[in-house]
Amino acid sequence: WQTCAKCSVPTDERSIPTMVFAVSLLLRPQIAVSEMMVDHLYDDINALHVRTVVTDAELLHVLQHFNVGMERSSVGTLHFAHVCQIDKTDGIHLVYDGANGPVTAIYLPGKEVKRLQAISRDQFQGIIFPYHEGVMAIIGLVGEDVLKQKEKIEKALLWKTTGGRMQKASS
């Protein structure tokens, strides 16, 4: 065994590859939650083209997974509602009509962003923000008022409390 001159940690030549691998994992860039959400939008791009209306039963199946209810009238016509998986986490993926075309709302519990952030790629623009024990992304076509869409989603979703009451999320 030898001692590392810089850090006084005992080493031998056989441990160097393991240490290099460990350091490379620590320094590897992590994909931001916002990028994962936009990637998911592209991975499931056909959801933007669905024109049928989600039935109450389909919506209930998705929302029960998260103990959430929805005032459908707050968002208008809902065309897509599925449990999606992003970064090994189940989330809610909704698509509804916005002023300029389809709007995607994706909720991921257990993920974190510190503050509201703008996101964009190609013809899409949106926001990601802290929301009810996780993050929410609202993504529409360029020109969509995503802050107005944020208000609609926040008004629409009602979360079940430990006492069984339904209430709006605290951001």
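In this predicted model, three strands form an open sheet in the order 3-10-11, and their pairing is antiparallel. Strand 3 (68-70) and strand 11 (166-167) lie at the edges with a single partner strand each, so one side of each has no neighbour in the sheet. The points below treat this sheet and the helix packed on it, a hairpin, the nonpolar cores and a cavity.

- Strand 10 (residues 157-160) and strand 11 run antiparallel and are joined by two bridges.
- Lys160 has Met166, in strand 11, as its bridge partner.
- Helix 4 (residues 146-156) packs on this sheet, where it touches strand 3 and strand 10. The direction of helix 4 makes about 35 degrees with that of strand 10.
- Helix 4 contains Lys152. Although Lys152 and Val75 are 77 residues apart along the chain, their C-alpha atoms are separated by 5.7 Å.
- When neighbours within four places in sequence are left aside, the contacts of Lys152 are Ser74, Val75, Tyr96 and Asp97.

- Strand 7 (residues 117-121) runs antiparallel to strand 8 (residues 124-131), and five bridges join the two.
- Two residues lie between the strands of the hairpin, and Asp122 takes a positive phi near 50 degrees.

**Nonpolar cores**

- In soluble globular proteins, nonpolar side chains tend to be buried together.
- The largest nonpolar core has 26 residues, of which Met70, Ile92, Leu94, Met136, Ile138 and Ile153 touch the most other members.
- Ile92, leaving aside neighbours within four places in sequence, is in contact with Val62, Leu63, Phe66, Val68, His82, Cys84, Ala105, Ile106, Tyr107 and Trp159.
- Another core lies apart from the largest one and has 20 residues, including Leu48, Leu108, Val135 and Ile139.

**The cavity**

- Rolling a probe the size of a water molecule over the atoms shows where empty space is left.
- The structure has one cavity of 30 Å³ or more, and the volume of the largest cavity is about 40 Å³.
- Ile92, Leu94, Ala105, Ile106, Tyr107, Met136 and Leu157 line the largest cavity.
- Strand 5 (89-97) and strand 6 (102-109) are the elements that give two or more residues to this lining. Strand 6 gives the most, with three residues.

Definitions and conventions: Residues numbered from 1 in each chain as written. Predicted model: local features only at pLDDT ≥ 70, side-chain atom pairs only at ≥ 80, totals over all residues. Heavy atoms only, no water. Pairing = 2+ DSSP bridges. Helix = DSSP H or I, 4+ residues; strand = E, 2+ residues; numbered from the N terminus. Contact = heavy atoms within 4.5 Å. Axes fitted to C-alpha atoms, helices over the stretch in contact; angles between N-to-C directions. Core = buried A, V, L, I, M, F, W, Y, C linked by side-chain atoms within 4.5 Å. Buried < 20%, exposed > 50% of the residue type's maximum accessible area, 1.4 Å probe, protein only. 1 Å grid on protein atoms, 1.4 Å probe; cavity = no way out; pocket = protein on both sides within 12 Å on 5 of 7 lines; lining within 4 Å. Points joined across faces, edges and corners; volume = space filled by probe spheres on them.
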